[in-house]
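Hello,

Here is the structure I said I would pass on. Please look through it first; my notes follow below.

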Amino acid sequence: MWLFSRKDRSGFSSNSTAEEVTQGINAAGLTAIVTGGSSGIGEETSRVLALRGAHVILAVRNTAAGRTSKEKILKQTPTAKVDVMELDLSSIGSVKNFASQFKSTGLPLNLLINNAGISMVPYNLSVDGIELQFATNYVGHFLLTNLLLDTMKETSRRSNVEGRILNITSTAHFTFHKEGICFEKLSDKARYTGYGRFSAYRVSKLANILHANELSRRLREEGANVTANSLHPGVVTTKIVDHLLFRSSVINRGRNNMLCCIASASKGNQRRILLGL
């Protein structure tokens, strides 16, 4: 369909692949953390970052799946630098442990891609008593970013390379109720009647955007050489919708698509900032 192949001002369309978007990019010397890097968009992001030379940390809840993804990346790119570290974003303790372990490696951090998420799952609470979608999609990423922010600032100072934080969100936030986020009702089970589980997902995605916006403002005011952005990756069929009944041909249309927003590219004298590299 022409709608999916039409290019925008960046020169890319929803048919553009990650390899096309990053063509000519040299990410050697960069270190990237990708949450949820063992499947879907996160796995493809990790694969291409590694292909372009970045040292990629797969921050995953299922380390066995992470090791499988690492093997697939190394099969394609034998020289790739890929590590697997355990991270359960629904657990505050797990996030703190991950951040501590990462910092203990002494590695720099140039890119933090907050990609992992769950969508419209049945009602449940995290181990910390927070509604599971909000805990996983927002709270975990907020805490992770905060714990690693000083490392990113220090990396950017030492390397003089701009650090980048990327929150994967969704245009679903547009349909959220206009009174905003009702924090006192976040874990209210009654909200899960009818379309409540979708409402909970939208709340978490709105929070991702507000987080990126406020963090971006603070980083600018501070003069830090780190940026924060959020993006809607498009309609892509991944495991995030495996439990849903409405996986239509529209969703399947996006199967081979990838974020068209993970790189900076140049065309002549025109620099196209596409958010990630």
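Ser94 touches Leu87 and Asp88, leaving out residues up to four places away in sequence; contact here means heavy atoms within 4.5 Å. The side chain of Ser94 also reaches the backbone nitrogen of Asp88 at 2.8 Å. Ser94 sits in helix α5, where helices (H or I, at least four residues) and strands (E, at least two) are DSSP runs numbered from the N terminus. Ser94 counts as buried because its relative accessible area is 17%, and buried means under 20%, with exposed over 50% and partly exposed in between (1.4 Å probe, protein chains only).

This is a predicted model, in which local features need pLDDT of at least 70, side-chain atom pairs count only at pLDDT 80 or more, and totals for chains, interfaces and linings use all residues. Residues are numbered from 1 along each chain as its sequence is written, and side-chain values use heavy atoms, without hydrogens and water.

Next, the core. A nonpolar core is a set of buried Ala, Val, Leu, Ile, Met, Phe, Trp, Tyr and Cys residues joined through side-chain atoms within 4.5 Å. The largest one has 23 residues, of which Ile33, Phe98, Phe102, Leu148 and Ile165 touch the most other members. Two or more residues come from each of β2 (55-60), α5 (92-104), α6 (132-159), α7 (196-222) and β6 (226-231). The most come from α6, with five residues. Beyond its neighbours within four places in sequence, Leu148 is in contact with residues including Ile33, Phe98 and Leu112. Another core lies apart from this one and has 15 residues, among them Ala50 and Val60.

Regards

Definitions and conventions. A polar contact is a pair of N or O atoms within 3.5 Å; within protein, one must be able to donate a hydrogen and the other to accept it, and residues adjacent in sequence count only if both atoms are side-chain atoms.
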